[in-house]
Amino acid sequence: MAKILVVEDNPDYQELLQNFLESACHEVKTANDGVEALDFASRCFFDLILLDLMIPKIDGYGVCEMIRKMHDIPIIMLTALESEAYQMRGYDLKVDDYITKPVSMPLLLQKVEAVLRRTMQSMPEILHYGNISLDLKAHTFCIAGEFVDFTLREFEILQELVKIPGEVVTRKALLAKLWGYNFYGDTRIVDTHMKNIRKKLGNHDCIETVRGVGYKLRKEEL
């Protein structure tokens, strides 16, 4: 199951996409315009964004450009604009696929699954930051070759930080991805886990607090 953001201003087509993706066991969030899409992308984690181009407030190109400044979430553009110039502009913005409407839902699902597979296969099995390493398969954490005992949730938080060192991971984004929307708004649970993580890191603590926003790893390596 993947978390997918569908950005589409046509309510009928949006509902069609949502229903079809959910029937394939994906979790779907919808946005009606570019501003709403950027709001979701800034505070929530998604495995994939399905993005229409002709949307209100900020068009799909603008949304894509701003998202790419935040992270490398896979993006599929789904639009009626089919000329080569439009497609080239999309690929210049590093979209993962460009699909023109109309498209059959089974074919769209195959393309979605293909992008998700590529993304999962491209992720390393072990993440490194200075003398810290996280084995994503074994769920083990090492500092200078020594294993440190972390809970699953603490490991998941560290994984999100190590994936993008120097970049801020917001409390809201951690809540959305790791706890789900049931805990949305209660950022204290993130701070509690972070306090335990920093205590276990001890002298190797490389986490910085960004007041009122979230946490990040220092840019310089240990």
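How much space lies in the largest cavity? In this predicted model, local features require pLDDT of at least 70 and side-chain atom pairs count only at pLDDT 80 or more, whereas totals for chains, interfaces and linings use all residues. Residues are numbered from 1 along each chain as its sequence is written, and side-chain values use heavy atoms, with hydrogens and water left out.

The largest cavity holds about 40 Å³ of space; a cavity is a set of points on a 1 Å grid over the protein atoms alone where a 1.4 Å probe fits but cannot get out, and its volume is the space filled by probe spheres set on the points. One cavity of 30 Å³ or more is present in the structure. Its lining (residues with an atom within 4 Å of a point) comprises Y129, I132, F141, L158, V162, L201, C206 and L217. These divide into eight nonpolar, no polar and no charged residues, where nonpolar covers Ala, Val, Leu, Ile, Met, Phe, Trp, Tyr, Cys and Pro, charged covers Asp, Glu, Lys and Arg, and polar the others, Gly among them.

Lining residue L217 is also the bridge partner, in β12, of I207. Strand β12 (residues 214-217) pairs with β11 in the antiparallel sense over four bridges; pairing requires at least two DSSP bridges, and strands are DSSP runs (E, at least two residues), numbered from the N terminus. An open sheet of three strands has the order β10-β12-β11, with antiparallel pairing. Because β10 (169-170) and β11 (207-210) each have a single partner strand, one side of each is left without a neighbour in the sheet.

Definitions and conventions:
1 Å grid on protein atoms, 1.4 Å probe; cavity = no way out; pocket = protein on both sides within 12 Å on 5 of 7 lines; lining within 4 Å.
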